[in-house]
Amino acid sequence: MLEGFAVLLLFQLIGELITRLSGIPVPGPVLGMALLLFAVLLLKKVPSGVRTASEGLLRYLPLLFVPAGVGLINHGLLLKQDIWVISITLVVSTILTLIVTVLVLQGLKKLWGIEKDA
């Protein structure tokens with residue numbers, strides 16, 4: 001399990017170094033996670049140490065949602081006052097995200113020369 005944590009931290013460090021040295025606007029841990037994904041795809045399997053460490057971390061992931069839940073409870077009245085503004089914003093932003101995703105996908109398919117499915 002210790003080896004798995006070391007691998008996870010190594011990929012996070014590599015991602016952080018790449019973002020700091022290149023200046024690309026992507027968080028280092030996100031880039032490190034993408035690099036780890038590519039490494040796992042190249043290996044065609046997840047090393048057991050990485051699997052064990054990842055499952056251990058995922059087991060406690062719900063604890064990260066506790067502060068958000070407490071915030072909802074503490075600021076419930078503010079949310080209740082602005083529920084329509086929040087709802088409209090969520091719906092509009094979701095629709096815009098879907099539209100942009102479709103446009104980007106169509107552009108990439110055209111760029112890569114991928115034909116439409118019949």
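Leu21 is found in helix 1 of this predicted model. Its relative accessibility is 75%. Leu21 therefore counts as exposed, since the cut-off for that class is over 50%. Ile86 lies 65 residues away from Leu21 along the chain. The C-alpha atoms of Leu21 and Ile86 are separated by 38 Å.

Thr19 also has its place in helix 1. Here the accessibility is 8%. Buried means under 20%, so Thr19 counts as buried. The side chain of Thr19 reaches the backbone oxygen of Glu16, at a distance of 2.9 Å. Contacts of Thr19 were also listed without residues up to four places away in sequence. On that basis, Thr19 touches Ile24, Val26, Pro27, Gly28 and Leu31.

Phe11 is another residue of helix 1. With a relative accessible area of 17%, Phe11 is buried, because the value is under 20%. Residues up to four places away in sequence were again set aside. Phe11 then touches Gly32, Leu35, Leu36 and Ala39. Pro29 stands 18 residues from Phe11 in sequence. In space, the two are 7.8 Å apart, C-alpha to C-alpha.

The packing of helix 1 against helix 2 was examined next. Helix 1 covers residues 2-22, and helix 2 covers residues 28-43. Their axes come within 7 Å. The axes cross at roughly 120°. Angles from 65 to 115 degrees count as roughly perpendicular, and those over 145 as roughly antiparallel. On the side of helix 1, the contact is made by Val7, Leu8, Phe11, Gln12, Ile14, Gly15, Glu16, Ile18 and Thr19. Helix 2 contributes Gly28, Pro29, Leu31, Gly32, Leu35, Leu36 and Ala39. By class, the residues of this contact divide into ten nonpolar, five polar and one charged.

The axes of helix 1 and helix 3 come within 7 Å. They cross at roughly 80°. That angle lies in the range of 65 to 115 degrees, so helix 1 is roughly perpendicular to helix 3. Six residues of the contact are nonpolar and three are polar. None is charged.

Ser48 is found in helix 3. Its relative accessibility is 57%, which is over 50%, so Ser48 counts as exposed. Ser48 and Gly4 are 44 residues apart in sequence. Their C-alpha atoms are 7.7 Å apart in space.

Val40 is found in helix 2. At 19% relative accessibility, Val40 counts as buried, because the limit is 20%. Neighbours within four places in sequence were left aside for its contacts. Val40 is then in contact with Lys45 and Val46. Val50 is ten residues from Val40 along the chain. The C-alpha atoms of Val40 and Val50 are separated by 10.0 Å.

Most residues other than glycine have a negative phi. Lys44 is not a glycine, yet its phi is positive, at about 65°. The relative accessible area of Lys44 is 74%. Lys44 is therefore exposed, as the value is over 50%.

How values were computed:
Residues are numbered from 1 along each chain as its sequence is written. This is a predicted model: local features need pLDDT of at least 70, side-chain atom pairs count only at pLDDT 80 or more; totals for chains, interfaces and linings use all residues. Side-chain values use heavy atoms; hydrogens and water are left out. Axes are lines fitted to C-alpha atoms, for helices over the stretch in contact, and angles run from 0 to 180 degrees between N-to-C directions. Helices (H or I, at least four residues) and strands (E, at least two) are DSSP runs, numbered from the N terminus. Contact means heavy atoms within 4.5 Å. Ala, Val, Leu, Ile, Met, Phe, Trp, Tyr, Cys and Pro count as nonpolar, Asp, Glu, Lys and Arg as charged, and the others, Gly among them, as polar. Buried means under 20% relative accessible area, exposed over 50%, partly exposed in between (1.4 Å probe, protein chains only). A polar contact is a pair of N or O atoms within 3.5 Å; within protein, one must be able to donate a hydrogen and the other to accept it, and residues adjacent in sequence count only if both atoms are side-chain atoms. Angles under 35 degrees count as roughly parallel, over 145 as roughly antiparallel, 65 to 115 as roughly perpendicular and the rest as oblique.
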